Structure formats: C-alpha cells, structure tokens
Amino acid sequence: MPISIVLSATSGQPIYAQIREQIKEQILSGDLAAGDPLPSIRALARDLGVSVITTTRAYNDLASAGLIANMQGKGSFILPTSPETLKQEALSRIEGHFGGGSKPGTQCCVAFDRCPGIVTTVEFGGIMNQENVLEFNRVTKRYDNVCLNLSLQVPRGYITGFVGANGAGKTTTLRLALGLAHPDSREVTKLDHNQVGVVFDTPHYPDNLRLGQLSGQVANFYTNWD
C-alpha cells in the first residue's frame with residue numbers, strides 16, 4: 001500500500017520528524033502491514049522534494065524504534081508490531097497530551113481475538129469519584145470468525161484511549177458503548193450520546209470554515225447543542 005505523507009513548512013516540526021511520525025502512525029494504525037515495502041530513501045526524497053539526508057534520518061529513527069528494517073540492497077520493510085509497542089505508544093501519546101495536568105490512572109487490557117488492543121485511562125484535572133460512566137462485564141460481540149471479549153470500567157473524570165490496528169475492535173467497542181451495536185452476551189452500561197464528544201487527531205474540516213459554521217455542522221449530532 002502506498003504511503004501518504006503531507007509536509008508542512010509552518011508546523012514547527014523538522015521535516016524528518018514529520019516523515020517519521022506520519023509513517024509511524026500508518027504502521028501503528030495498521031494501514032501499513034508487516035512485510036510491506038517502503039519507498040527507497042532516494043525515491044521518497046525525490047517525491048517529497050527533500051534531501052536524501054532527511055529521508056535517511058527518518059528511516060533510521062523508525063529502524064531504531066523497531067518499526068522497520070533497513071536491508072542493504074533490498075530496501076526497507078515494515079516489521080511486525082508487538083502488543084508491547086502498541087502499549088508504550090499509547091502511554092507516550094496520552095502522557096504527551098495530558099502529562100502536564102494529570103497523572104496515570106488504571107490501565108486495562110481489552111482482549112481482541114484477532115489483534116491485541118490497549119485501553120489506557122488517565123485521570124484528568126484531579127476530578128475523580130467512584131462512579132463508572134461506562135462498564136463492560138465479560139461482554140462478547142461476534143462478527144463472522146472474529147470475537148470481541150470485553151471487561152472494562154471507565155470511572156467519571158477519566159480520559160480513556162483506545163489503540164490498536166485496523167480491525168482490532170475499537171469502533172465496535174464505541175458502538176457498543178453508544179448502543180449502536182448489540183452485544184451477543186451480557187449487558188453494557190451505555191453512554192448518553194449527548195454527553196459524548198469527539199476529538200480528532202487530525203482535523204477533517206475545510207480550513208476556510210469559520211467557527212460558527214463548524215458549530216452549525218457539529219450541532220446536527222446533538223439534541224441539546226448550545
């Protein structure tokens with residue numbers, strides 16, 4: 001599968017780091033699978049209009065992280081991503097976003113038959129009590145030959161992140177939580193969709209929209225939008 005890289009001259013992030021992080025994201029999301037070849041260092045440099053030194057550094061960083069293998073005379077290839085790598089990446093991302101105003105909370109594993117996933121919760125702003133806003137107690141959901149098994153509690157005041165490859169069960173878990181899918185066994189304490197917000201890693205709205213226009217679009221998903 002071809003890789004997708006969009007460079008920005010105004011992000012404040014070095015070009016080699018932009019290349020590295022975007023390839024890493026595609027590996028961890030499952031868009032790039034183990035064994036997939038990457039463009040050669042020279043080909044990628046030519047396509048992006050950057051120097052070979054820049055792409056070499058990006059590839060070397062990915063190899064040092066255990067995400068790709070640079071094989072002399074053969075090229076660069078995606079390595080299998082271990083559950084531990086996914087877990088560490090999840091913790092790193094959450095700590096990076098919330099480390100200044102929060103502390104690590106409990107960590108729970110979600111058992112996926114097809115692919116392991118990680119659920120990490122972080123206490124936000126010191127707001128905590130014992131009420132759980134979401135509970136899964138040995139909930140199962142089957143699709144063809146894939147079975148999702150869930151035991152999870154999310155206390156109020158926690159931020160919860162899901163990390164896993166495509167097809168691991170992240171979307172199904174959210175659909176179960178919102179009552180958009182029905183479990184094959186057990187019950188789920190469902191979330192009120194009017195109290196659920198979504199924060200995208202990358203904005204998907206046109207840059208020319210004003211705040212009022214964005215608000216008008218988002219309001220369509222909520223009955224009590226103000």
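The structure described here is a predicted model, in which local features need pLDDT of at least 70 and side-chain atom pairs count only at pLDDT 80 or more, whereas totals for chains, interfaces and linings use all residues. Residues are numbered from 1 along each chain as its sequence is written, and side-chain values use heavy atoms, with hydrogens and water left out.

The protein contains six helices and eight strands. Helices (H or I, at least four residues) and strands (E, at least two) are taken as DSSP runs and numbered from the N terminus. Along the sequence, these elements follow the pattern α-α-α-β-β-α-β-β-β-β-β-α-β-α. Of the 226 residues, 32% count as buried; buried denotes under 20% relative accessible area, exposed over 50%, and partly exposed the range in between, with a 1.4 Å probe and protein chains only. Contact is defined as heavy atoms within 4.5 Å. Among contacts between residues at least 6 apart in sequence, 58% join residues at least 24 apart.

Two helix pairs were examined, both involving H3. Helix axes are lines fitted to C-alpha atoms over the stretch in contact, and angles run from 0 to 180 degrees between N-to-C directions. The axes of helix H1 (residues 15-28) and helix H3 (residues 52-64) come within 8 Å, with a crossing angle of roughly 45°. H1 is therefore oblique to H3, given that angles under 35 degrees count as roughly parallel, over 145 as roughly antiparallel, 65 to 115 as roughly perpendicular and the rest as oblique. The crossing of H1 past H3 is right-handed; a crossing is so called if the near helix is turned clockwise from the far one by less than a right angle, and left-handed if anticlockwise. On the H1 side, the contact involves Ile15, Tyr16, Ile19, Arg20, Ile23 and Lys24, which meet Thr54, Thr55, Arg57, Ala58, Tyr59, Asp61 and Leu62 of H3. By class, the residues of this contact comprise seven nonpolar, two polar and four charged. In this classification, Ala, Val, Leu, Ile, Met, Phe, Trp, Tyr, Cys and Pro count as nonpolar, Asp, Glu, Lys and Arg as charged, and the others, Gly among them, as polar.

For helix H2 (residues 41-48) and H3, the axes come within 8 Å and cross at roughly 120°. H2 and H3 are therefore oblique to each other, and their crossing is right-handed. Ile41, Arg42, Leu44 and Ala45 of H2 form the contact with Val52, Thr55, Thr56 and Tyr59 of H3. The contact of H2 with H3 has five nonpolar, two polar and one charged residues.

The C-alpha atoms of Cys147 and Gly169 are 9.1 Å apart in space, while the two residues are 22 apart in sequence. Leu148 and Ala168 are separated by 20 residues in sequence and by 8.5 Å in space, C-alpha to C-alpha. In the loop between E6 and strand E7 (158-163) lies Gly157, which counts as partly exposed at 22% relative accessibility. Gly157 and Glu131 are 26 residues apart in sequence and 9.1 Å apart, C-alpha to C-alpha.

In helix H5 (residues 170-177), the buried residues are Thr172, Thr173, Leu176 and Ala177. These residues lie on the same side of H5 because they cover an arc of only 140° around the axis, the arc being that of the directions from the helix axis to the C-beta atoms. Helix H6 (residues 211-218) contains Leu214. Leu214 counts as partly exposed, with 23% relative accessibility. When neighbours within four places in sequence are left aside, Leu214 is in contact with Tyr205 and Leu209.
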